[in-house]
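Let's take a quick tour of a protein model, stopping at a few spots in turn. Have the structure open and follow along.

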Amino acid sequence: MRLRRLPVRPAVPLLAILTLAQVASGQETEEALTAFRSGRYEDAISLFSRAVRRAPSSAEAARGLVAALREVGRYEDARRAAERYMERNPSSKELANSLGEVLYLLGDRPGAEASFTRAAGDASDSVLARFNLAALSYDRGDLESARGAFDHFIDFYNRNENLTATELRVVAGAVRYLSQTDWGLAQDALRAYDEAIEADPGDLEPRIGVGQLFLERFAFDLAQESFEEVLEISPGHPRALLGLARTFKYAGLPGAFDYAQRSLEANPNLVGARAFYAELLLEGESFDKALEELEEALAVNPASLKALSVLAAAQFLLGEEADFRATTQRVLEINPRYSQLYNTLAEASVRNRLYAQAVEFAERAVELDPTSWRGLTLLGINQMRTGEMQAGRASLEMAFEGNPYDPWTKNTLDLLDTLMQYPVTNTARFELAIDESQSELLALYVGDLAEEAYDSLSRKYQYQAATPVRVEVFPNHEDFSVRTVGLTGLGALGVSFGSVVAMDSPSARDAGEFNWGSTLWHELAHTFHLGLSNHRVPRWFTEGLAVFEERKARPGWGDDVSPGFLAAFLNHRLMPVSELNDGFMRPAYPEQIGYSYYQASLVCELIERDHGFQALVDMLREYGAGKSTPDVFESVLGTDIDRFDTVFDDYMDLKFAAPLAALESTHAPDGVPHRSREEIAEQARDNPEDFVAQLAMGTVLLEQGRSEEAVAYFERAKTLFPEYAGDDSPYWYLANIYREQGDLQQAALQLEQLTAINERHYVARIELADLRERLNDPSAAAVALEQALYIYPFDMELHMRLADLYAGMREWEAAIRERKAVLALDPVDRAEAQYQLAKAYFDSGDIDNARSVLLRALENAPNFQKAQELLLEIHGRGSQRMQEG
């Protein structure tokens, strides 16, 4: 049944759970109402208290006092205020509903139900009481009864003329509940909320309801707008602040922590906010802090299903199995059909990289409630993460049928339509799913590198990751982002779910933005770390260890040090090791995530130095056994983590002693102080030990065309900070100057030093290859071009050059690979490219493949003379062999 449009009576609404209306006409209660609606809660409490004292029988004033006390979390005071009214007016039912709402917030469900039932008869707010009874039925799992009761509110709307604002809000709330299984009703709920706002523009409750409705519909921008409208009127409104916190979290925007904290400052007993804040802490793997928040939440409301569900998630993640079972049983005793318990557990598992467990929890959510569309979405996405592609699609299709507005569901289904068309190339231990337009080319390199990584990592960690490992390579970043988190906008380059790895193709970024080879190695390292730790390794350790492995894999791979990183260390802006996870999960400034990756890799480097590589392996195993980071540091390293913070600071001082000294006098928070040319010249002259000044002066001179004078400053800067190889490093400037001066050997040396640190500098590697060829060093030229392939492999000329170099060195296998790469890039003269591949096969002694490719070339160009001649030579060689035989 749908709502029909009715005229709205612009009447003052009932003063109920959170809405003040029909207050006495006296100036005091009018002032109290104004104060309440504008967020001046203490003033409102004072004014309502005075009104109650003057008129003890005024239900309107008493409701106002209860509502104001509730909004700031003074629930016990609110309960006493309601009970005092009822003691003074024993025959009145007017405060029964208000008392029931307070009792519900305190976890007294039987008391709340009794109060709602009393008010539902003939109290002036009986409509709201009946709604609260239906909501209570829904909350204990009596879904059919609750939905029937909610449906009666549609009848109520359609039968009655001139509904009040509170009645319209109640109808909207009932229809909103019904829209969970019939999403078409959401428009009716919105209409009823709008009519409630029209009837009483000062009432904030319908606006809160609109924000929650938009949030449930995943209309994040509209939800944000609705909650911000409330905050413009009442800047400290706790539930509007919580609404914004939830909106920002689900939209993937920064700020959820801040808004949740502000919500709790406004109402320290807002259990929903505290449970939400605990969820955020769990995502950041701050388990102890999350437990503290949940203890506070449950002290207020021991029957909060949300807080209990988050508590169960924390206990599960901590491996407290007995407590976990007890908490889940407690939830299901309150509501045997509360599927959100298992959705919460699934989401917590995902955030902590426990994808197989997320599948199990989502399955249980759907078992409890087959209409749990969120459960079906979580099930489908995590089935895909564990490699169950067809099962994942089936789950997502059911979720979409029930809720077509969930962007995670729709985006992932849209992606699947494309992803399932990717051709799959199999190697010994990998399935490579790469877009058809790039598969032929990238499979030449991805497969070999993946197999090399597997061999290296399995040998180092004494562990065989489960195979086959599926590697998906996406030609555009948006598809990769959807594959990873269900939404666009993810900043990462790759992700490992364990047995499935997804990553950007090099075509997803401009050449020089990232090194796809090191990214693949990084993600495969995660596959080993996750497997060895039973997916329980903390974020900071697995990321640091993966970057550490990148640096071991190839010269120049992995993050490198920058002036900004060292400036952050000098300014005490790096996280202590004991809190390093926060640098990933709750960065305080934009660069902190990147700095945390590098810092975590240095922690691993330090552990290897002092305890050996086996300690890193042992730490993974200890995490897999369920131990916390402090326990792991004690058991494996023999130190507490706070002492390790001091050891790490000493390591930083030692490792980067020279550049730290060269930055000490001028370091700014971002590592790049801004000065005029005159100031730079003075600083460089007076401070020869200042890296920034020396580099800046060299740059100034270079811009002025005084390159010979710039050399001394760049050389000095390089000596002060030899580890710095950014795009504006001394190495790059010196290489260009030396090349222009004709000193090719020195230019090549600078570029080799640069590329030995910087993994992304594509142009430097191309220029290095040019120089090495001019210096008659084809082997070094080939090395430089091979490195460039891991940055951007779509340049046909690069492959042709590399093929010629390998052929000249008689490295036929590599030459053949490069000739295949040229063909994969669809050259204009395909017959010529096929001829060159056939020639490489021929020169390598592979006559059969040479003949086969030549025949294809002649199909494309029947009169192609070089191909004909080579084919004749092959036939001649075959005849000669027959005669010799």
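Start at Asn 162, which sits in the loop between helix H8 (143–159) and helix H9 (165–178). This is a predicted model. Asn 162 isn't a glycine, yet its phi is positive, at about 55°. Further along, Asn 534 also has a positive phi of about 55° without being a glycine, and you'll find Asn 534 in the loop between helix H26 (516–532) and helix H27 (539–553).

How covered up are the residues on this tour? Here are some relative accessible areas:

| Residue | Relative accessible area | Class |
|---|---|---|
| Asn 162 | 34% | partly exposed |
| Asn 534 | 46% | partly exposed |
| Glu 225 | 45% | partly exposed |
| Asn 403 | 4% | buried |

Asn 403 counts as buried because its relative accessible area is 4%, and buried means under 20%. Look for Asn 403 in the loop between helix H22 (389–402) and helix H23 (407–419). Leaving aside residues up to four places away in sequence, Asn 403 touches Trp 183, Phe 218 and Trp 373.

Now for some charge. Glu 225 belongs to helix H12 (residues 220–233), and together with Asp 221, Glu 228 and Glu 232 it forms a negative surface patch.

Helix H14 (residues 256–266) has buried residues too, including Phe 257, Tyr 259 and Leu 264. Among the things covering the buried residues of H14 are helix H13 (238–250), helix H15 (271–283) and helix H16 (287–300).

One last stop: the peptide bond from Thr 467 to Pro 468 is cis, with omega near 0°. Pro 468 lies in the loop between helix H24 (436–461) and strand S3 (469–474).

Key: Residues numbered from 1 in each chain as written. Predicted model: local features only at pLDDT ≥ 70, side-chain atom pairs only at ≥ 80, totals over all residues. Heavy atoms only, no water. Patch = residues over 30% accessible without salt bridge, like charges linked within 9 Å, V, L, I, M, F, W, Y side chains within 5 Å. Areas by Shrake-Rupley, 256 points an atom, 1.4 Å probe, with all protein chains shown as cover. Salt bridge = Lys/Arg side-chain N within 4 Å of Asp/Glu carboxyl O. Lys, Arg positive; Asp, Glu negative; His and termini not counted. Charge placed at Lys NZ, Arg CZ, Asp CG, Glu CD. Helix = DSSP H or I, 4+ residues; strand = E, 2+ residues; numbered from the N terminus. Buried < 20%, exposed > 50% of the residue type's maximum accessible area, 1.4 Å probe, protein only. Contact = heavy atoms within 4.5 Å.
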